[in-house]
Amino acid sequence: MLFHSLEFFIYFPVVVLVYFFIPKRWKCLWLLAASYYFYMSWNIGHTFLIAFSTLVTWVSGLLLGKCQRAGKRGCRKWIVAVSVLLNLGILFYFKYFDFLLANVNRVIGMLGFPMLEKPFEIVLPAGISFYTFQALGYTVDVYRGDVEPEKNLLRYALFVSFFPQLVAGPIERSRNLLRQIRRISSVSFRRLWNYERIAGGLILMLWGYFLKLVIADRLCIFVDTVFWDWQQYGTAVLVLATAAFSMQIYCDFASYSTIAVGAAKVMGFTLMENFQTPYFSRSIQEFWRRWHISLSLWFRDYLYIPLGGSRCGVLRAQWNRMLTFLASGLWHGASWHFVAWGAIHGVYQAAGAQTQGIRRRLGKKAG
């Protein structure tokens, strides 16, 4: 079910109105059922994957809390490791198995051996990269002691599957969204029926639809026409199409995040802002602080900093940046050009960090 589909325009008002008027004790269950229905509209079979990821990380959180109370610190790393391996294993299989098999077959073909065949067709589940990262973030947060383990499975399942941000982000933190979900049963009708908040959420959704339907989809026609037969066009048209493509992908990504934030706001939830005019950034480092913010922060907090961040010397810090952006490239897509894209941005980040002092002094002199 796409945000700009007729089905969603029927689904969303029904979900909101029922959520507003049902008794408090049923609100969490209703949103959970609505979120699973939303996800099942993509592929019913893949619902078992999100349920499995939910159950694994929920049980991991409970076990981490139990080990913490018992003073068994040694077992906590094993619990996190199992949770990470299970979740990333599923993500790897569905998202990267074809990529791995194609490259193995390329090597096998060069050696003259018969190529391997896939046992069956693999269909990438919608939103698996988003909800997997969100669920793993919860496991790590509990391990670090940033949040308490959630004992209520229904509340935690809603945290993982909350439909506005389920398939396109933002990737929410447990200390933000889970905290709000825990308050659902105490939210009064008067507080929910807040005209200014609802109007603000609907305006955000309208702006997201404008970005998607009016800008991104219209630019897509021009971009696809030029890129499909690029040899027929001159340099000026190709440059214009490239600039249009950069605006198209921004409006595509930002539109869905904006609609998600607006839809959540209508229901009384606050999600993090995911894009802050990134093309007005003054450096590549600033760009990544303003583009897909939830993903950048996730990689920073759950990969870059655990690798050592910038605390282990200059060379190690640059290596950590490179690994982080290589992982980010693979997250965006299972192909070598995404790996190259991540490597390029890793080099940009390293160069920016190394020349920051020089650029700052030059800027003061120029000013």
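**Figure 1. The largest pocket of the predicted model holds about 920 Å³ of space.** The model is predicted: local features need pLDDT of at least 70, side-chain atom pairs count only at pLDDT 80 or more, and totals for chains, interfaces and linings use all residues. Residues are numbered from 1 along each chain as its sequence is written, and side-chain values use heavy atoms, with hydrogens and water left out. On a 1 Å grid over the protein atoms alone, a pocket is an open set of points with protein on both sides within 12 Å along at least five of seven lines, whereas a cavity is a set where a 1.4 Å probe fits but cannot get out; lining residues have an atom within 4 Å of a point. Points are joined across faces, edges and corners, and a volume is the space filled by probe spheres set on the points. The largest pocket is lined by 34 residues, of which Ile249, Phe253, Trp291, His292 and His332 are the closest to its centre. At least two lining residues come from each of the helices H5 (128-144), H10, H11 (284-290), H13 (314-332) and H14 (336-354). H10 gives the largest share, 7 residues. Helices (H or I, at least four residues) and strands (E, at least two) are DSSP runs, numbered from the N terminus. The pocket lining comprises 20 nonpolar, 11 polar and 3 charged residues. In these classes, Ala, Val, Leu, Ile, Met, Phe, Trp, Tyr, Cys and Pro count as nonpolar, Asp, Glu, Lys and Arg as charged, and the others, Gly among them, as polar.

**Figure 2. The largest cavity has a volume of about 30 Å³.** Searching the whole structure gives 1 cavity of 30 Å³ or more. The lining of the largest cavity consists of Leu49, Ser53, Asn87, Ile90, Ile128, Tyr131 and Thr132. By class, the cavity lining has 4 nonpolar, 3 polar and no charged residues.

**Figure 3. Helices H9 (residues 195-228) and H10 (residues 235-266) pack at about 155 degrees, with their axes 7 Å apart.** H9 is therefore roughly antiparallel to H10. Axes are lines fitted to C-alpha atoms, for helices over the stretch in contact, and angles run from 0 to 180 degrees between N-to-C directions. Angles under 35 degrees count as roughly parallel, over 145 as roughly antiparallel, 65 to 115 as roughly perpendicular and the rest as oblique. The crossing of H9 and H10 is left-handed; a crossing is left-handed if the near helix is turned anticlockwise from the far one by less than a right angle, and right-handed if clockwise. The contact of H9 with H10 contains 28 nonpolar, 8 polar and 5 charged residues.

**Figure 4. H5 packs against H12 (residues 293-304) at an angle of about 40 degrees, with an 11 Å separation of their axes.** The two helices, H5 and H12, are therefore oblique to each other, and H5 passes H12 in a left-handed crossing. On H5, Phe133, Gln134, Leu136, Gly137, Val140, Asp141 and Arg144 meet Leu295, Trp298, Phe299, Asp301 and Tyr302 of H12. Contact means heavy atoms within 4.5 Å. The contact of H5 with H12 divides into 7 nonpolar, 2 polar and 3 charged residues.

**Figure 5. H12 and H13 pack at about 130 degrees, with their axes 10 Å apart.** H12 and H13 are therefore oblique to each other, and their crossing is right-handed. From H12 the contact takes Leu295, Phe299, Leu303 and Tyr304, and from H13 it takes Ala317, Asn320, Arg321, Leu323, Thr324, Ala327, Ser328, Trp331 and His332. There are 8 nonpolar, 4 polar and 1 charged residues in the contact of H12 with H13.

**Figure 6. Backbone geometry at Pro170 and Thr277.** A cis peptide bond runs from Gly169 to Pro170, with omega near 5 degrees. Pro170 sits in the loop between H6 (153-161) and H7 (174-182). Thr277, a residue other than glycine, has a positive phi, near 35 degrees. The loop that holds Thr277 lies between H10 and H11.
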